[in-house]
Amino acid sequence: MKPDRVAPPSHLEPPGEAVAGSAQSPSGAVADAPRPGIWSAAWHLGGLVALVVFYLGAASLLALAVVRVGFDLWSGIDPFLPPERRPFLGAVELTHRAFATDVLRQVFLAVLVVGAAWWRDRTGWRPRLALDRERPNGMRPVALLGLLLVWPVLHIAWVTGTAELFGASFGQHVRLSPFMSQAAVAAWLAYLAILAPVAEELLLRGEAFARARAVLGPAGAILVTAVIFAAAHISSWGLARPVSLLPLALALGWLRWRTGRLWPGIALHGWSNLALVTYLLWPA
């Protein structure tokens, strides 16, 4: 077949996208692999959840260890002192350590996901994580720009409305810590808008999406990764926080499928975080 006679892609598949678990026809259109049975699918999904928990747990442990040892050595404290002999650190020091742990957790998470994908397939890790630049974007730039402009308004309305419905405080009376300097605030905003979205999207809409899609197809992968994303944000507010994030999670999965790339989801994720925080911190 001549290169200029490629059959048009199916309406169920963005053009040019291929991931692990899918078969590519000679015409260039991508077809999903046959679906396994219900028990096999449940087994794969259980393994997917366990993999996400492993990545998050490993990144957290590495971050805690590095911050504990690094900050202790910097402060002249023996990191192996028993708890009863450790000096009192103070609120400022604890704030710095907590923020450093959050930052390093995301760094280690991104490194673990990319490193594992590269180790498993050194030639196909980019398409697997939707980082391949060679295939065309499956969404027109003007449509993507319109979504990026409109979405923060919808996200803010949903999050604040959810907080009010559940009687939660995560959407109300938000204030920055008085111990944060201007440099710390700038670093925190960069963490929310860039670092956290990159790491989380690599894990969920990158590796987890590829695994879920091989078993459930695009719609199932969007739903499963959205539920995992929301569940990972369960906190003392119970189900309020996960419910507030479900529309964003579904939109991120849809963007991953529709565009065939990860960066549109990273942009939407980061822009949503920044817009929401700006709204909550804006003086009344």
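**Entry 1: α4 and α6.** I looked up the handedness first, and the crossing of α4 and α6 is right-handed. By definition, a crossing is right-handed if the near helix is turned clockwise from the far one by less than a right angle, and left-handed if anticlockwise. Helix α4 covers residues 141–166 and helix α6 covers residues 240–259; they pack at an angle of about 160°, with axes 8 Å apart. The two are therefore roughly antiparallel to each other, a term for angles over 145 degrees, where under 35 is roughly parallel, 65 to 115 roughly perpendicular and the rest oblique. Angles run from 0 to 180 degrees between N-to-C directions, and the axes are lines fitted to C-alpha atoms, for helices over the stretch in contact.

I then listed the contact, which on the α4 side includes L144, W151, H155 and F166, and on the α6 side includes R241, L248 and W254. Contact here means heavy atoms within 4.5 Å. By class, I recorded 14 nonpolar, 3 polar and 1 charged residues for α4 with α6. Nonpolar covers Ala, Val, Leu, Ile, Met, Phe, Trp, Tyr, Cys and Pro; charged covers Asp, Glu, Lys and Arg; the others, Gly among them, are polar.

**Entry 2: basis of the model.** I note that this is a predicted model, in which local features need pLDDT of at least 70 and side-chain atom pairs count only at pLDDT 80 or more, while totals for chains, interfaces and linings use all residues. Residues are numbered from 1 along each chain as its sequence is written, and side-chain values use heavy atoms, with hydrogens and water left out.

**Entry 3: α5 and α6.** I found that α5 and α6 pack at an angle of about 60°, with their axes 11 Å apart. They are therefore oblique to each other. The contact involves, among others, E201, R205, F209 and R213 of α5 and L252, W254 and R256 of α6. Its residues divide into 15 nonpolar, 1 polar and 4 charged.

**Entry 4: E201.** Is E201 buried or exposed? I found E201 buried, with a relative accessible area of 0%; buried means under 20%, exposed over 50% and partly exposed in between, with a 1.4 Å probe and protein chains only. E201 lies in helix α5, residues 182–231. Its side chain makes a polar contact with the side chain of R205 at 2.8 Å. A polar contact is a pair of N or O atoms within 3.5 Å; within protein, one must be able to donate a hydrogen and the other to accept it, and residues adjacent in sequence count only if both atoms are side-chain atoms. Not counting residues up to four places away in sequence, E201 touches G206, L252, L262, G265, I266 and H269.

Entry 5: I placed F99 in helix α2, residues 91–120. F99 counts as partly exposed, at 24% relative accessibility. Leaving aside neighbours within four places in sequence, F99 is in contact with A187, W188 and Y191. I located A130 in the loop between α3 (125–128) and α4. A130 has a positive phi of about 60° although it is not a glycine, and is buried at 3% relative accessible area.

**Entry 6: whole protein.** I recorded 7 helices and 2 strands; these are DSSP runs numbered from the N terminus, helices being H or I of at least four residues and strands E of at least two. Buried residues make up 40% of the 284 residues.
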